[in-house]
Structure formats: C-alpha cells, structure tokens
Amino acid sequence: MAILELENIHGGYGQTEILHDISMRVEPGEIVVIIGPNGAGKSTAMKSVFGLLNLTSGRILLDDVDITNTPPEKVVRQGVCYVPQTGNIFPNLSVHENLEMGAYVRQDDFSGRLDEIYELFPPLVEKRNLPAGTLSGGQRQMVAMGKALMLDPKILLLDEPSAGLSPKYRGEIFKVVRDINEAGTPILMVEQNAKQALGIADRAYILVDGKNRLDDTGKNLLANKEVAEMFLGGGKTEVKKPAVRKARGTPKT
Amino acid sequence: MDQLYGYSLYGLSLLTFGGIYAMLALGLNIQLGFTGLFNAGIAGFFVVGAYVSAILSTAPSERHIGGFDWPIPFSLVAAMVVSALIGWAVARICMRLRADYLAIATLGIAEILRLIFKNETDLTNGARGVSYIPKPYESLAQPWNHVMMTVVVLAIVAVLYFMLERARKSPWGRVMAAIRENEDSARAAGKNVDRLRVQAFVVGSAMMGLGGGMMAHHLKFIDPNAADPTTATFLVFVMLIVGGSGNNKGAIVGALLMWTIWSATEIFTSMLPGDLAIRSAYIRVFLIGLMLQIMLQKFPQGLFPEKRLETGSSG
Amino acid sequence: MIDFINFHLIPGLVLGSIYALGAIGVTLTFGILRFANFAHGEIMTLGAYLTLTMMWLTGWHPLILLPVTMVILSLIVIGMDQAFFKPFRNSPAVTVVIASFGLMLMIRSVTQFSWGAQLQAFVPGIQRPNVFFDALRISPKHILIVISAMVLMLVVHWVLAHTRIGKAMRAMSDSPELARLTGINTELVIKATWILGACMAAAAGVFLAYDSHVSTMMGFQILLPTFAAAIVGGIGRPYGAMAGGLLIGVTEELSSYAWLGDGPLLEPGYKAGVSFAIMIGVLIWRPSGLFRGRVF
C-alpha cells in the first residue's frame with residue numbers, strides 16, 4: 001500500500017491549469033524524485049499534496065485517506081511535512097526555536113525528538129542559539145529539514161533542497177536526505193540536479209509540460225538515453241535546459 | 001414661501017460645501033484612486049491652501065502677516081502652488097515608502113502644519129485665526145450672493161472633472177493605472193514610476209489646496225482647527241470610498257452625498273434636547289465610521305465602480 | 001542641572017515609557033497582521049476610560065484595576081478584530097488601514113458619547129512630589145509609572161521569548177506563509193497578538209491618564225509619537241519599539257530644555273513635532289529602524 005498517491009490530478013493556481021493529469025505514488029521507505037525541465041510543474045505537483053493549489057479533478061490519498069484540497073495547516077497534522085525551496089526557515093528565530101516551531105502541532109513532550117535531530121545534524125548543535133538567518137546556506141537547509149522532521153512525518157516533501165548550494169554542500173545535502181530516509185522516513189523530492197538525485201532515488205518521475213513523461217527506478221533512468229539527453233548533458237554534469245515559458249503569472253515551478 | 005426660500009438657501013449651502021469637498025475628494029482620488037498613494041494628511045494640504053489664499057487676499061491687518069489684498073483668483077492659484085510645493089517635498093521624501101508608512105508620514109505632516117499655524121502667532125494670528133476673508137460676489141444682494149458662490153464652486157468642480165477625465169484617458173492616465181495594477185511590469189516597460197507618482201501626488205495636493213482656499217473664502221474665516229483630521233481628512237476618505245475610489249464621478253457624488261448626510265444629521269441631532277444634542281453629535285461620527293466599514297466590507301467598489309481602461313498596451 | 005532632571009529627564013522617561021507600551025501593540029500588529037492600525041490610539045483611550053469607570057464604582061487605585069482593564073479591553077479588541085479586521089485578512093494593506101480609520105472614528109465617538117468630551121482626572125488635585133537629596137523632586141506616580149512599565153516590558157519579553165504562543169507570534173511575523181505550512185494556527189496567533197497589544201495599550205492609556213488626565217482625544221494625540229517609536233525601533237520589532245518609545249519620549253521633553261542660552265531650545269508648542277522629525281529622519285536614512293542586527 002502506498003503512503004502517498006496522486007491519481008490523475010488536474011489543477012493549478014486560480015484559473016490557470018498547470019498540471020494536466022499527473023499520477024504518482026510513494027511506497028513506504030522510498031525516495032522518489034521528480035525531475036523535469038523548468039516550468040514542467042514539478043514543484044506544483046508537490047504543492048498540490050499540501051493543499052496549496054486548486055485541484056479541479058483527481059484525488060490525493062495519504063495512507064488511503066483522501067486529502068485532496070485539504071488546507072496546509074491540516075495536512076501537517078495528518079503527518080505530511082513540506083520544505084519549500086525558499087523561505088523555509090524563520091530567520092529571526094534561533095535554530096532551536098525553529099526546531100520547536102516544527103513541533104508546534106505536537107502536544108506531547110518532544111525533547112527526545114530534538115536530540116535525535118541534533119544527532120542527525122551535528123553542525124546545528126553549537127549554533128542552536130543563533131538566529132537561523134545568520135547560518136550558511138547548507139546549514140539553513142539542515143534547519144529547514146530538521147524543523148520538518150520534528151513531527152516524525154509519514155512522508156517528507158522536499159522542494160529542490162540543493163538549489164543554490166555550492167557543490168560541496170550539495171553532496172552533503174544528498175547524503176543527509178539518504179540518512180533521513182534510512183532512518184525510516186519516505187521522501188518525495190523535486191530536484192534540478194538530476195544526476196545526483198537519480199543516484200539516490202529508488203524511483204523517479206519525469207514531468208514535461210505538466211504531464212507524466214517517464215517513470216522508472218533511479219538506476220534505469222540514469223541509463224535511459226532520452227533522460228541523458230534531456231538532463232544529463234551527454235554524461236557530463238547537468239546542463240540547464242532553456243526555460244519552457246508558461247502563461248504570465250504562473251509561479252516558478 | 002419663506003420656508004421654501006429657506007430650503008433653497010440650505011440646498012445652495014449643501015451644494016457649496018459639498019462642491020468644496022468634491023475638490024478634496026477629486027484630489028484624493030488622483031492620489032489614492034488612480035495611483036494608490038495613501039495620503040492621510042489631506043487636512044494639512046487643505047489648511048495650507050486656506051491660509052495662503054486667506055492671507056494673500058485679505059486687506060492689510062495688524063493681527064497676521066499681510067494681507068496683501070490680492071484678487072481671489074490669484075490668491076487661489078497661489079494656494080494651489082504652495083500646496084503643490086509641499087506635496088512635492090513630501091512626495092520626494094516618502095514616495096518609496098510602503099502605503100502605511102506614507103499614511104503615517106502624511107498624517108504627521110498635517111499635524112506639523114497645524115502646529116505651525118497655531119504657534120506662529122505673528123504670521124497667522126495663532127489660534128484666533130484669520131478673519132474678514134473676502135468672498136466672491138459677496139456684495140450682491142441676497143440670495144444672489146449665495147447663488148453665485150455655489151455657481152463658482154460647481155464651475156470649478158466641473159472644470160476639474162473634465163480635466164481629470166481627460167488626464168485619466170490620456171497616455172499619462174493609462175500609465176498611472178498600469179503602475180497601480182502592476183508596478184514591476186510598468187518599471188520593466190521603462191516607465192519612470194517614481195516620477196509619475198510624484199506628479200500624481202503634486203496634482204492631488206494642489207487640488208486639496210484649492211479646496212482649502214475655497215473653504216476659507218466661503219467661511220470668510222480660518223483657524224488651525226480647520227486641520228481637524230476628522231472633518232478634513234477622514235470624511236474625505238469616506239466620501240471617496242462611498243462614491244467609488246478610482247472614479248471621478250464617484251468622488252463628486254460621494255462628496256455631495258456624504259456632505260448632505262453629515263449636514264442633515266446635524267440638523268436632526270441639534271433638535272434633541274440639551275445634553276442629548278451634544279452627545280448625539282458624536283453618533284454622527286460613529287455612523288461615518290460605520291459607513292466606511294460597511295462600504296469596505298460589502299461594497300468595496302463604491303457607488304460608481306472604477307471604469308477600467310485597457311492597460312498595459314499603450315503608454 | 002537639577003532642573004534638567006526634574007523637569008525634563010524624568011517627565012521624558014515617564015512619557016517614553018508610555019510611548020513604548022503603545023508602540024509594542026502597534027509594532028506587533030504591523031509585524032503579524034501587516035498593517036498600521038490607526039485605531040490603536042483610541043484603544044488606549046478606551047483603556048483609560050474603562051479604568052476611570054471602575055474607579056468610580058470601586059474607589060480603588062487605577063494600577064490595581066489595570067489587570068481588570070486589560071482583560072476587558074482584550075475582549076473588546078478581539079471582538080473588534082472579528083467584526084472589523086477579519087473580513088480584510090487577504091486585502092491589501094491600504095484597505096485595512098482605511099478600515100482602521102473607520103474603527104478609530106467609531107471608538108472615539110463611542111467614548112465621547114459615553115463619557116463626554118470634557119477632561120477628567122483619576123485623582124483630583126495635584127500630587128506633591130517626594131524630594132530626595134534636597135533637590136531631586138520625583139512624584140510617586142512617576143516612580144510607579146516607570147517601574148510598572150518596566151515590569152510590563154519584561155513580561156512582553158518573557159512571552160515572546162519563552163512561551164509557545166510568543167514564539168509562534170515571532171514566527172508568523174517572520175513569515176506568515178511558512179507559519180501556515182508549519183501548522184501554526186494563524187487565527188490563534190492573531191488573537192494572541194491583539195491580546196498582548198490591548199494589554200499594553202490599556203497600560204499606556206492608564207499611565208497617561210494617571211500622569212495627566214483622561215480625555216477622549218488623549219490616545220489620538222499620542223498616536224503619532226507611538227507610530228514614530230515603532231518606526232524608529234524598526235517596525236515589527238517589539239524591543240525596538242520599547243527603545244524607540246523611550247528615545248522619542250526623552251527627546252521630546254529635552255527639546256524644550258534651555259540647551260543654548262536662556263530660552264527653550266524649541267518652543268514647547270512644537271514638542272509634538274519632535275517625534276515626527278525623528279520619524280521622518282529614520283524613514284529617509286534608515287527605513288529598517290535604528291537598531292539593526294538582532295531583532296525581537
């Protein structure tokens with residue numbers, strides 16, 4: 001039984017439809033990656049799970065419970081945590097307070113969980129009382145993920161966690177993602193760095209123009225010729241594809 | 001017959017005051033309605049216009065600086081120029097602030113101006129105010145003096161209306177609308193957004209100065225209390241919101257309508273006995289505030305919704 | 001020198017404490033609801049009149065009644081939020097500010113209708129100041145006001161730094177969108193914001209009335225310096241508002257001291273202009289407020 005399942009969803013922001021019939025699922029223990037060119041609807045597909053857009057048809061199931069168009073504050077309580085690409089920490093709150101906020105909806109004692117998070121992200125221990133906004137990009141990503149993990153979610157949604165990081169930190173973040181997953185949390189992740197992402201993915205979906213294009217295991221997709229042409233720049237490091245321009249007013253995916 | 005005559009005079013008075021308020025509302029409309037600039041200091045520009053026109057047009061006096069015995073049309077032009085200059089200075093400083101900062105800053109400027117007119121006794125006769133201000137056509141016999149005053153005010157309002165409508169439909173007005181709809185794309189299209197905003201603010205301020213000058217001539221007296229934000233600023237906001245922000249016709253109708261309500265309720269409350277009459281006067285202000293709330297919540301477009309021009313294209 | 005302390009520095013501290021308390025509410029509303037609340041002055045006024053009425057009924061000291069006033073005022077303000085601000089949660093700031101104009105007029109006319117426009121006093125007559133060291137004259141009420149204000153500011157600090165709801169308030173002020181994604185109940189946080197702001201407004205109104213008198217325009221008269229304090233401190237930052245309040249209050253009082261020659265530096269009639277001048281200066285040169293760096 002899948003943890004998360006998107007069944008033929010259509011939708012977008014306001015009247016503009018961005019997702020045209022997208023389906024995907026995440027099984028327990030999996031890392032699932034969504035890749036695709038700019039404007040393909042990758043982030044939008046992820047945001048649809050979190051009730052951030054208007055779905056006109058299709059269903060989203062979490063543990064077989066229908067959560068289609070549930071507002072974000074309720075989705076959190078169902079055990080889904082989402083780390084947006086930007087603005088994913090409270091910059092003026094200390095690192096420790098950011099983690100506490102992550103546990104805001106928990107009524108029980110979460111001090112044990114706090115210790116686990118600090119174990120997962122050792123660099124945060126000595127910065128715990130600093131405002132999170134003063135940390136480096138990589139450490140901010142750790143705060144953002146740690147904050148999301150405070151709820152011990154059923155599934156973690158990550159929107160381009162490696163965006164804007166130096167190659168060194170990028171590798172570190174992918175390692176962290178794998179660590180989180182090995183500790184038992186299924187992950188659905190949008191990524192630009194297709195090669196590295198496919199390297200850690202159990203399975204991946206490739207979206208183009210708001211539609212499913214390909215899905216397979218990470219390994220098979222890495223070997224796939226079409227994928228290599230599209231994203232892997234003929235075996236070298238990834239090459240940015242020219243942006244596929246959508247209608248004006250469409251937020252960046 | 002006498003009663004009918006009395007009613008007619010009252011009607012003229014409503015039109016005169018309402019017309020003067022229409023000048024203020026049109027001025028606010030070009031700032032808030034067209035351009036999205038939040039001027040909470042209407043009272044300041046109003047009172048500057050009033051004092052400038054008053055001091056220039058009165059006969060020489062011991063009590064305040066001047067007067068200079070200027071003809072009224074010239075003193076009114078001077079009132080507009082001085083208000084516009086102050087508006088220009090304010091705009092230059094505050095234009096880049098977000099809306100609420102601009103509101104706070106302009107409210108403060110109005111307060112400072114009030115303090116100056118109150119404290120600089122040598123210039124303005126302080127709290128005792130400037131009196132014996134000439135009024136257009138006051139030498140005519142009753143009721144023609146009143147009629148002519150009303151005609152003058154309404155004629156000015158009509159001229160302003162036609163000028164503003166032309167401006168609104170001109171390329172300038174289209175760019176203004178484009179800026180308000182989407183500032184970033186207007187900037188990207190190479191429009192000098194800040195300069196255009198300053199222009200709108202200055203034009204609006206000049207119209208408020210003109211309204212102030214007309215009020216001084218109509219009342220023949222002006223004192224620092226004229227800068228009371230309740231009647232000189234917030235009432236104008238209510239007029240514009242009721243009439244329809246962004247619509248010149250709405251600004252005028254809103255001003256006439258709200259002035260009539262404001263004035264008529266005063267007649268009603270003054271008929272109540274003693275202490276109750278004083279207290280009920282406050283209820284009028286309550287109703288004004290409530291009206292503002294109801295309009296914003298239920299009819300945010302006002303009586304005359306803004307006519308959207310096709311924007312984005314030309315300019 | 002002793003005149004300087006007695007007639008300028010101490011009144012400045014008293015006034016500054018009052019501005020600081022008012023500015024806390026303004027700055028919290030701005031940080032969390034993202035608009036400048038022009039009705040805040042009238043909320044302070046309402047607090048003073050509620051206390052005055054309870055004094056008539058009980059004969060108790062205003063500072064003893066202050067906690068009761070805080071509770072009543074909080075309830076009233078939450079009601080106002082539901083009726084007059086909640087419909088505008090997704091509206092642009094301009095609309096909400098105009099709505100706050102409307103609310104301001106409504107509250108003011110209700111206070112004028114209920115209590116009349118004439119000045120009233122908490123304590124009739126003039127209090128004799130205590131004299132220390134033969135020359136330092138401090139009236140007991142000034143000591144009470146400054147100490148109570150300091151205690152209240154510590155309470156605000158404690159709420160914001162150490163309680164769950166206080167941290168959620170700061171989180172929402174940082175990023176309303178992320179707060180929502182985090183599962184923070186934003187309407188609850190908004191209520192808490194109004195309560196904290198209303199409690200501080202009650203204190204500001206009561207202290208102002210205790211220091212001078214009660215009048216229906218008292219809150220509006222200190223609205224501008226209160227805004228100025230919030231802006232000087234960096235809007236959205238409660239600690240900045242406290243510091244800004246003290247700075248503005250002291251500067252206002254010091255501006256009429258005879259710094260040069262015998263006459264006051266600035267005619268007392270222009271005192272109200274001082275806060276404005278400082279505010280404009282800050283807006284031009286340091287729009288993020290005087291105190292950069294660590295916020296909250």
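Start by selecting C:Glu187 and C:Arg89, whose side chains meet in a salt bridge at 2.9 Å, N to O; a salt bridge here is a side-chain nitrogen of Lys or Arg within 4 Å of a carboxyl oxygen of Asp or Glu. Because C:Glu187 lies in helix H8 of chain C and C:Arg89 in the loop between helix H3 (62-85) and helix H4 (93-115), the pair ties together parts that are 98 residues apart in sequence. Helices are DSSP runs of H or I, at least four residues, numbered from the N terminus. C:Glu187 is partly exposed, with a relative accessible area of 22%, and C:Arg89 is also partly exposed, at 25%. Buried means under 20% relative accessible area, exposed over 50%, and partly exposed in between (1.4 Å probe, protein chains only).

The model is predicted: local features need pLDDT of at least 70 and side-chain atom pairs pLDDT 80 or more, while totals for chains, interfaces and linings use all residues. Residues are numbered from 1 along each chain as its sequence is written, chains are lettered from A and ligands numbered from 1 in the order written, and side-chain values use heavy atoms, without hydrogens and water.

Next, go to chain A and select A:Asp179 and A:Lys175. They form a salt bridge with the closest N and O atoms 3.2 Å apart. Both lie in helix H6 (residues 167-182) of chain A, 4 residues apart, about one turn of the helix. Then select A:Arg106 and A:Asp108, a salt bridge with a closest N to O distance of 3.1 Å. In chain B, select B:Glu183, B:Arg187, B:Asp194 and B:Arg197, which are linked in a network of salt bridges. Over all chains, the structure has 25 salt bridges.

B:Ala177 is buried, with a relative accessible area of 13%. Select B:Gly36 as well: its C-alpha atom is 9.2 Å from that of B:Ala177, although the two are 141 residues apart along the chain.

Note on methods. Helices (H or I, at least four residues) and strands (E, at least two) are DSSP runs, numbered from the N terminus.
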